[in-house]
Amino acid sequence: MKKRVSLLLLMFLVFQTIFAQPKILDLNGEWLIQTTNNEYSTTTEVPGSILATMVERGFLADPFYGLNEGLAAEFYNKDWNYTKEFQVSKEFLSRQNIFLTLDGVDSVSTIFVNGKIVGETFNMHLQYKFDVKKFLVEGTNQILITIDSPTKIANQFVAENGRTLTHNGGCALPGVAYLRKAWFSFGWDWGPKLPDLGIWRAIYLESPDTAAIDSYYVTQTISDDLASLTIEVTATEYEKSDLTAKIKLSDSESNYLAEIDLAETTTATIDVKNPKLWWTRELGEQHLYNLEVQLFSNGTLVDTKSQRLGLRTIELIRDPDARGETFYFRLNGVAIFAKGANWIPSDSFIPRGTKNNLIEKRLQDAVDANFNMVRVWGGGIYEEERFYDFCEENGLLVWQDFAYACNPTPDLGYFYEEVEKEAEYNIKRLRNKTSLALWCGNNEIEEAWKWWAYVLLWPEHKDSHVKIFDSIIPSIVNKLDPNTSYWASSPSNGIGYGGDPNSPDRGDSHYWGVWHMSQPFSAYRKFNSRFMSEFGFQSFPEMKTIAQFAPEDQHRMFSPIMKNHQKNKSGNGRILKYMRRRFAVPIDFEKQTVLSQLTQAEAMEYGVDHWRKNRNNFECMGALYWQLNDCWPVASWSSIDYYGRWKALQYFAKRFYEPVYCSVAESRRDVEFWGVNDRNYPVETTLKWTIAKADGTIVNEGEKTTTLPAADSVKIEYLDLRKETFGVKKHQLLIYWELYDAEGKMIVKGGRTFSEPKKIWLKNPKLETTIAKSAANTFKLDIKANEMAMYVYIKNNTHDFRASDNFFYLKKGEVYTITVTTPEDLSLDEFKSTTKTESLYDLK
């Protein structure tokens, strides 16, 4: 009898847990899409987009290939209907509340249910919810969503207001600044003009009972042995009832519970003794607790929300000092040097990128290259929650821009309303993410009003910048997420229009003297920023990628297709100009692409090396290069191309973002070796260096053991070259170094020249490579250089691969072992027959 009662009780609890939750009727899946003039008609998958579907169904030739980009206008210049029939049961219809929820519509649409208008959308960055109970019938129902052409709507705004409000010149279609749509979609200096449209996130009917959780907010206070979590719960009540909430925090070892009577208070506190903290990867583990919030109405469970939560504090530290003001992040009391890059949407067709797991793939690339931060750039979107979840699971912090970049914001009433709704929705959606480090108002708009002649072009809209980024958004952040710092713009000096928004002495900086102003790489060493949130250099993707968008007769730098896949007007010419400064440029196009990547990688290494050694005294505390990824195959500033192939820069980044690192500053006069330690404990290291002639003759070498202090940088060694007689001009010398840990394991290696590499008389290194298959999809390569070798690299024009190291220096007689993994499980013969080992010597 007791067993039967226990079983009945268990069944009741299961029933209560499952069936007392808000009912969901999924409307994703197959829909019919048609142009409103019935010219095109087919089925599509939701979430999805019109342009991606047109490619999949064969109506549109792949706009990523050749010169096809312009063909997409036929489809984005039209209005589209999305139609779906769905069944509603008597039981579902009998429920008191039924809402149609759209997590994302891109962008301007009108929604009909059974022929009746139920609502409209304007903002792709918002969730929309409409009460549709009165429009539904038992049995078959129809939903119709008419989505307006984004270019049509933009052109209407331009006509009404007499202003395009469009920066980027010929890179972008006009008018996107009037819309609340991902601005990059109208074109950027790295992205195509492909303003997509569609139902890009989930759509469903939901039927909450008497009440539902609106949101909750977690405030953390952490001391040495105690973490106090204050959880504030807000609920929407659909009928009068007694509302209570239960909050559970647990991991595999501990369980904590708190209860709230929402009639009396909205907050509860959970104390966690000896908490396991969340850290970035170089500082510790990414321990995550399970947080669950349950809402009860009259004792019955009616709603549940849950997430994984890391216990941590993250602060933006701005302390006055002799130079101006510091700018760095402090995690659990430890000052961190932010290492990473800027993130753009993973695909021009955003839902396709999500479906193809490009978020996780590119973020894993960031993790593999020792990143601890990514900046979600403001010209894109507020990413899927899985983006932030992956970051917190893998020790990445997120600098989050609000979705505004480079263009002026219109001084119009409707726009301010959208700003408020968008900020409130996305702050509530993301504010409890462990990975969230900063809210930033926009990208480069403050700087644009100061230096880009916006005051002359659009003076009537200047007030909107101050109102949005200095008033509306920060007030909402302060109200909804006071625990996360807000920064008005990037770059910014933190004091608005006073002084230079891009000051190196305070705030964050964007430095484009190298690249846009054609300054030499050494210019990075003269820009002593407090935090470099954007700097970059372009290169071409590798030949396998180029072959996927251009036929062989277009494989030359200035062919029509290569020029179309370069959205920076002077881009290819500037790549060539910088290559000629550094290298002897060959005629062969494939070799040119490799040299372009080496030029890009050298540029970024120059900057990062300088700023990392400046972390002492908080002089510089961050380097986020532009950019990590591409949204289509293109020549750009990315370190990983659209198809996920690592450029030389990504391999360099893996080295120059090592938590324990040797930063080298060389000149014709001297060499400085700096030890950089991003760990929160001292690290004993041994530096070994060699200065040699191009023929391998050693003219200076040494080693030094140093204990690097925690979270700091120190000068390890100084060599005054003016006191040395080498028997050869200094521009013929190479410097090579290795950094080892206390156990004698190599941490990182590097090399540099004292002049442009083209001036060095390199001998044929006669590389010898021994290849063995060490496991499935994995090969071990032992590479020997018989002479000094610069930028030794593995290439395979048939199969994709990932190397443990690539584009590295080898001393004469050195044998270096790397591992290479392939997505396909190739045989040893397949891999050996298609793999080559080359170096700078071969790029002529």
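What follows is a conversation about cores, cysteines, cavities and pockets.

Guide: This is a predicted model, in which local features need pLDDT of at least 70 and side-chain atom pairs count only at pLDDT 80 or more, while totals for chains, interfaces and linings use all residues. Residues are numbered from 1 along each chain as its sequence is written, and side-chain values use heavy atoms, with hydrogens and water left out.

Visitor: What makes a set of residues a nonpolar core, and which residues touch the most other members of the largest one?

Guide: The term stands for buried Ala, Val, Leu, Ile, Met, Phe, Trp, Tyr and Cys residues joined through side-chain atoms within 4.5 Å, where buried means under 20% relative accessible area, exposed over 50% and partly exposed in between, with a 1.4 Å probe and protein chains only. The largest such core has 225 residues, and Phe 371 and Phe 673 touch the most other members. Helix H16 (residues 589-613) gives this core its largest share, 10 residues; helices (H or I, at least four residues) and strands (E, at least two) are DSSP runs numbered from the N terminus. Another core, of 26 residues, lies apart from it, with Leu 249 and Leu 309 among them.

Visitor: Which residues does Phe 673 touch?

Guide: With contact taken as heavy atoms within 4.5 Å, and not counting residues up to four places away in sequence, Phe 673 touches a set including Cys 662, Leu 687, Trp 689, Ile 735 and Trp 737.

Visitor: How do you know how many disulfides there are?

Guide: A disulfide is a pair of cysteine sulfur atoms within 2.5 Å, and by this rule the count comes to zero. Cys 406 is in none, the nearest cysteine sulfur, that of Cys 171, being 11 Å away. The sulfur of Cys 662 is 17 Å from the closest cysteine sulfur, in Cys 620, and this is too far for a bond.

Visitor: Why is Cys 406 called buried, and what is the relative accessible area of Cys 662?

Guide: Cys 406 counts as buried because its relative accessibility is 4%, and Cys 662 is likewise buried, with a relative accessible area of 0%.

Visitor: What makes a space a cavity and what makes it a pocket?

Guide: On a 1 Å grid over the protein atoms alone, a cavity is a set of points where a 1.4 Å probe fits but cannot get out, whereas a pocket is an open set with protein on both sides within 12 Å along at least five of seven lines, and lining residues have an atom within 4 Å of a point. Points are joined across faces, edges and corners, and the volume is the space filled by probe spheres set on them. Of the 15 residues that line the largest cavity, Asp 106, Met 124, Asp 196, Ser 348 and Ile 350 lie nearest its centre.

Visitor: Which residues lie closest to the centre of the largest pocket, and which element gives the most to its lining?

Guide: The largest pocket has a volume of about 1,400 Å³, and of its 39 lining residues the closest to the centre are Gln 127, Asp 214, Lys 305, Glu 385 and Tyr 425. Strand S19 (300-309) is one of the elements that supply at least two residues, and S19 gives the most, with six.
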